[in-house]
Amino acid sequence: MYTKFFSSNGIRKSQWFCLLCQWSWDTSLMHDYSHTTEQKYVQQKKKLLDDARRSSDSDDEDDHVPYENSKLRRIKYIFGKVWPVVVAQLLCCGVSYCIVPSIASRAISIYRGNNTLLTGPLFIPIVCFLLFAVADVVGRLTSRWILLPGQNQGILLLIISISRIIFIPLFMYCNVHPRRHLPVKIYSDIVYTILIVLLGISHGYINTLCSMYAPKRVPPKLSESAGAMAYLFLVIGVTVALISSV
């Protein structure tokens, strides 16, 4: 029996048997692999279709313009979305330009008697105007990296803008002349300089955030109108501040 198995005919039969087993094994593996690949392909195709359907739905929502046939209702809709931001911008500009230059430019250095340029004729141009402008730029640049409050926190941004009203009495208590009613309680050039810096940084930061957030709180097709509304409130704030400071 063993001799017959190891004969040439037996070896040939055993080789065919091994090849047949190998072929059946490879066939089963290929079938399993093709079945698994087909399942993965179906799942990926389904996922792509779902993503495409979801993106198309979001595009349809973005393209939708509320109250497209009514200009007045569209303006009301935009204002309802952006009112915390634009009102915050109005108050920000109103407070800043109510103080600078009408109040802050009348400050006098407590070291004016030293007869130096910095405490004399250059005190207001440098500390009031130049320092405020530099602080304003710093505040605007800060908004490039720090976006607090966020886009959807308009009420918090409005509260921060309202809190800046405290700058008005603080500057009025500085060494500002002429004065008729309030006494001088902040008799310090350092405190006055710090107030100028804080006023400038907060002005640039809040004003930039409001300008960025207003167009993003409405659908893309209404972003231009929202930006125009924000600019309108900025102009109103500056105008009211200049009129009140006369």
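Me: What does the secondary structure of the protein chain come to?
Reply: The protein chain has eight helices and zero strands. Helices here are DSSP runs of H or I with at least four residues, strands are runs of E with at least two, and both are numbered from the N terminus. Along the sequence the pattern reads α-α-α-α-α-α-α-α. The model is predicted, so local features need pLDDT of at least 70 and side-chain atom pairs count only at pLDDT 80 or more, while totals for chains, interfaces and linings use all residues. Residues are numbered from 1 along each chain as its sequence is written, and side-chain values use heavy atoms, with hydrogens and water left out.

Me: Which share of the residues is buried?
Reply: Of the 246 residues in the protein chain, 30% are buried. Buried means under 20% relative accessible area, exposed means over 50%, and partly exposed lies in between (1.4 Å probe, protein chains only).

Me: And how many of the contacts come from residues 24 or more positions apart?
Reply: Such residues account for 79% of the contacts with a separation of 6 or more. Contact means heavy atoms within 4.5 Å.

Me: Which side chains meet in a salt bridge?
Reply: Those of Asp-136 and Arg-140 do, at 3.1 Å from N to O. A salt bridge is a side-chain nitrogen of Lys or Arg within 4 Å of a carboxyl oxygen of Asp or Glu, and by this rule the count comes to one.

Me: Where do Asp-136 and Arg-140 lie?
Reply: Both lie in helix α4, four residues apart, about one turn of the helix. An α-helix has 3.6 residues a turn, so residues three or four places apart point the same way. Asp-136 is buried at 13% relative accessible area, whereas Arg-140 is partly exposed at 33%.

Me: Moving on, where is Asn-175 found?
Reply: Asn-175 is in the loop between α6 (167-172) and α7. Asn-175 is buried, with 9% relative accessibility.

Me: What does the side chain of Asn-175 reach at 2.8 Å?
Reply: The side chain of Asn-175 reaches the backbone oxygen of Ile-108. A polar contact of 2.7 Å also joins the side chains of Asn-175 and His-177. A polar contact is a pair of N or O atoms within 3.5 Å; within protein, one must be able to donate a hydrogen and the other to accept it, and residues adjacent in sequence count only if both atoms are side-chain atoms. Not counting residues up to four places away in sequence, Asn-175 touches residues including Arg-106, Ser-109 and Tyr-187.

Me: What kind of peptide bond joins His-177 and Pro-178?
Reply: The bond is cis, with omega about 0°. Pro-178 lies in the loop between α6 and α7. The peptide bond from Leu-148 to Pro-149 is cis, with omega near 0°, and Pro-149 is in the loop between α4 and α5 (154-163).

Me: Which side chain has a polar atom 2.7 Å from the backbone oxygen of Pro-149?
Reply: That of Tyr-213. Tyr-213 is found in helix α7 and is buried at 4% relative accessibility. Leaving aside neighbours within four places in sequence, Tyr-213 is in contact with residues including Val-85, Leu-148 and Leu-157.

Me: How far does helix α7 reach?
Reply: Helix α7 (residues 189-216) has 28 residues and reaches 41 Å from its first C-alpha to its last, close to the 40 Å expected at 1.5 Å a residue. The expected span is 1.5 Å times one less than the number of residues. At the start of α7, a side-chain oxygen of Ser-188 comes within 3.3 Å of the backbone nitrogen of Ile-190.
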